[in-house]
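Here's a quick briefing to read alongside the model. Take a look at the sequence and the fold, then work through the points below.

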Amino acid sequence: GDHRDLGVGAAGDHRHEARLADPRAREDAEALAPPARDGGVDGPDTERERPIDHLAARRAEMASALLHALARAELHVVYQPVVTVRARRVVAREALLRWRHPSLGNVPPVEAVALAQSAGVIEEIGEWVLDQACKDCAAWRASGDPDVGIAVNVTGFQLASGRFLFDVEQSLKTYGLPADALTIDVTESQLMRDRTRVRESL
């Protein structure tokens, strides 16, 4: 079917993911926190454990809040234009997830993605982003930009899930988009770490 023609791109490492469920991802997630200071003359180990405990508690609290973020309309999608050198015009827009916490304000995207995976809601949020992006792309095409495409970033965990291809097909069908209107971006680090799993999904 047409779904086999959708684009697949490799994104830069600035689109970082962390799946806390496996050891490799824990290393990624831990990179979100600044390293602990060496105890040395500044005090015993218990002193330097406090900021780490505080960060762990904050992550747990934020992960819990993210479980309800979709229902509370705290998530939204912003778009970055994709311009080709040859055409010198916008040929697509890249969908980027944003989370505005009611009390903390805008949560950094890197942290939001890591939290979504640790909270077990990355599939639901990813499905919502994909659907919203396809909906907006269809609206742009209907309003005078018939060839514009949409690019969506996904994690290896999403690609490996049994729902991903179904979600793509459903969103394209719902909004009447051809498969070549959608580009799926996967980070280079994800491709290198999980080549077999990602290749099978694609």
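Is Tyr-79 buried, exposed or partly exposed? Tyr-79 is partly exposed, at a relative accessible area of 24%; buried means under 20%, exposed over 50%, and partly exposed lies in between (1.4 Å probe, protein chains only).

Before going on, a word on the ground rules. This is a predicted model, so local features need pLDDT of at least 70 and side-chain atom pairs count only at pLDDT 80 or more, while totals for chains, interfaces and linings use all residues. Residues are numbered from 1 along each chain as its sequence is written, and side-chain values use heavy atoms, with hydrogens and water left out.

**Confidence**
- The average pLDDT of the chain (the predictor's confidence in each residue, from 0 to 100) is 76, and 66% of the residues score at least 70.
- Residues 1-5 stay under 50, and the model gives them six contacts (heavy atoms within 4.5 Å) beyond four places in sequence.
- Residues 7-44 are also below 50, with 67 contacts beyond near neighbours in sequence.

**Overall build**
- You'll find eight helices and six strands in the chain, counted as DSSP runs (helices H or I, at least four residues; strands E, at least two) and numbered from the N terminus.
- Starting at the N terminus, the order is β-α-α-β-β-β-α-α-β-α-α-β-α-α.
- Of the 202 residues in the chain, 37% are buried.
- Among contacts with a separation of 6 or more, 69% join residues 24 or more positions apart.

**Around Trp-140**
- The whole structure has one aromatic pair, where a pair means Phe, Tyr or Trp rings (for Trp, the six-membered ring) with centres within 6.5 Å; planes under 30 degrees apart are stacked, over 60 edge-to-face, and the rest tilted.
- That pair is Tyr-79 with Trp-140, edge-to-face at 4.8 Å centre to centre and 85° between the planes.
- Tyr-79 belongs to strand S2 (residues 75-83) and Trp-140 to helix H4 (residues 122-142), 61 residues apart.
- Trp-140 is buried, with a relative accessible area of 19%.
- Arg-93 has its charged end over the Trp-140 ring, 4.4 Å from the centre; that calls for CZ of Arg or NZ of Lys within 6 Å of the ring centre and within 35 degrees of the ring normal.

**Cysteines**
- There are zero disulfides, meaning pairs of cysteine sulfur atoms within 2.5 Å.
- The closest cysteine sulfur to that of Cys-134 is in Cys-137, 6.9 Å away and too far for a bond.
- Cys-134 is buried at 0% relative accessible area, and Cys-137 is buried at 0%.
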